[in-house]
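Trainee: I have a new model on screen. Can you show me how to read it?

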Protein chains: 2
Amino acid sequence: MTINKTDLQQLDQRYRATLINSLVGFKTAVLVGSSNGTNGNLAIFNSLTHIGANPAIWGLVFRPATVERHTLNNILQNQAYTINFINAAHYQNAHQTSAKYNGEQSEFSAVGFTELYNNNSTAPFVEEAAIQIAMQLIETVTLKINGTILLLGSLEHIHIKENIVAADGFVALEKANILACTGLDAYYNTTFINRLTYAKPEAWPQAI
Amino acid sequence: MTINKTDLQQLDQRYRATLINSLVGFKTAVLVGSSNGTNGNLAIFNSLTHIGANPAIWGLVFRPATVERHTLNNILQNQAYTINFINAAHYQNAHQTSAKYNGEQSEFSAVGFTELYNNNSTAPFVEEAAIQIAMQLIETVTLKINGTILLLGSLEHIHIKENIVAADGFVALEKANILACTGLDAYYNTTFINRLTYAKPEAWPQAI
């Protein structure tokens, strides 16, 4: 099956969005915690992206004027947010955070997670999360092409179970059964195949 | 285990890079095909990101001055590139594209993939790939914080097996056993859990 640019433009809008969103493939399904100063907010994202390790910076993509607007407004106002990685068993709870609750209602209690404030964070963590990361907003980049916002934040504080971090720093997410996803509604478990040695032209990579 | 910002700064450079790169989690392991006009180039990326569906735009992240420099130079020169999704059985071949072959040597033949030119593309596809996408460079965004380059491209042509595309446009990547990865060296299979209905405050999501 072949779909060219003209075909893409002529597709039904929902079909096209589902196609292009799911085709880009696997992501970690993360829950972003934020606060407007009064109420905590929780929203699922599939766009967490590595930007740099020193300083440690990750990006999140926000479409213009979407349901995640509460989260974006909170982060722009408060500068602090949290990223929470959850067990795949909680995939329905995670998905339910994308429902359009009104600004007064906490997504935490509505979907069955516990709101947790610690380490002086002004943004809430998900208590049930296997990995909790406090983030600080650094830079907001608006992409000219379609108004999409790339939000860059630094990792301020990582709370993680020691038994999933290898001696060289590698995080074995599968040991905590961390939820993966594609598109806006599909959820996945993962199975570890192997880590491979640093690739060199003269030899074939080996399992670490 | 708790790692704060000061701890992060004091970690060994390789440990920190491995930690932050792997912690960000699951991605599709994609092979990017490009050409300098004479030779084809193939490189593995773990940073493919959805930017928009209309027009259909994806991003790729390039660290400043890395081994993927051949790919970046080719794309900046030629504007055209390809994104290829491969079967998890080919994970070693895919990883081996990250070896520092010299500019004269084709990664395609060196790692055991077949270079394919079709649909008038000036960039090569991977013949063995289950999904082949021709991309056109649209915009290059350099992030102030660390010089990282976000390369935005439009989807010009998608070649995909019809039996993995659902009636609503959803692409079931697991049906083609598409390779997932974390960090720079860890590879994963995936197992589909469920798709869930559009989330609404008054009801719990159901499997589609």
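Predicted model: local features only at pLDDT ≥ 70, side-chain atom pairs only at ≥ 80, totals over all residues.

Trainee: How do I judge the interface?

Mentor: Interface size is often quoted as the accessible area lost when the parts come together. Here chain B and chain A bury about 9100 Å² between them, with 62% of it on carbon and sulfur atoms. Met1(B), Leu23(B) and Phe26(B) supply 9% of the area that chain B buries against chain A, more than any other three residues.

Trainee: How many residues does each chain bring to the contact?

Mentor: Chain A gives 100 residues and chain B gives 100 residues. Of the interface residues of chain B, 100% are also interface residues in chain A, so the copies meet through the same surface.

Trainee: Which charged and polar links cross the interface of chain B and chain A?

Mentor: There are four salt bridges. Arg195(A) forms a salt bridge with Asp185(B), the closest N and O atoms being 3.0 Å apart. Polar contact links 44 residue pairs across the interface.

Trainee: Is strand S5 of chain A buried or exposed?

Mentor: Five of the five residues of S5(A), residues 49-53, are buried, so the strand is largely enclosed by the rest of the structure. S5(A) pairs antiparallel with S6(A), residues 56-62, over four bridges. A hairpin of two residues joins S5(A) to S6(A). Ala53(A) stands opposite Ala56(A).

Key
Residues numbered from 1 in each chain as written. Chains lettered and ligands numbered in written order. Heavy atoms only, no water. Buried < 20%, exposed > 50% of the residue type's maximum accessible area, 1.4 Å probe, protein only. Pairing = 2+ DSSP bridges. Contact = heavy atoms within 4.5 Å. Buried area = accessible area lost by both parts, 1.4 Å probe. Salt bridge = Lys/Arg side-chain N within 4 Å of Asp/Glu carboxyl O. Polar contact = N/O pair within 3.5 Å; in protein donor to acceptor, adjacent residues only side chain to side chain.
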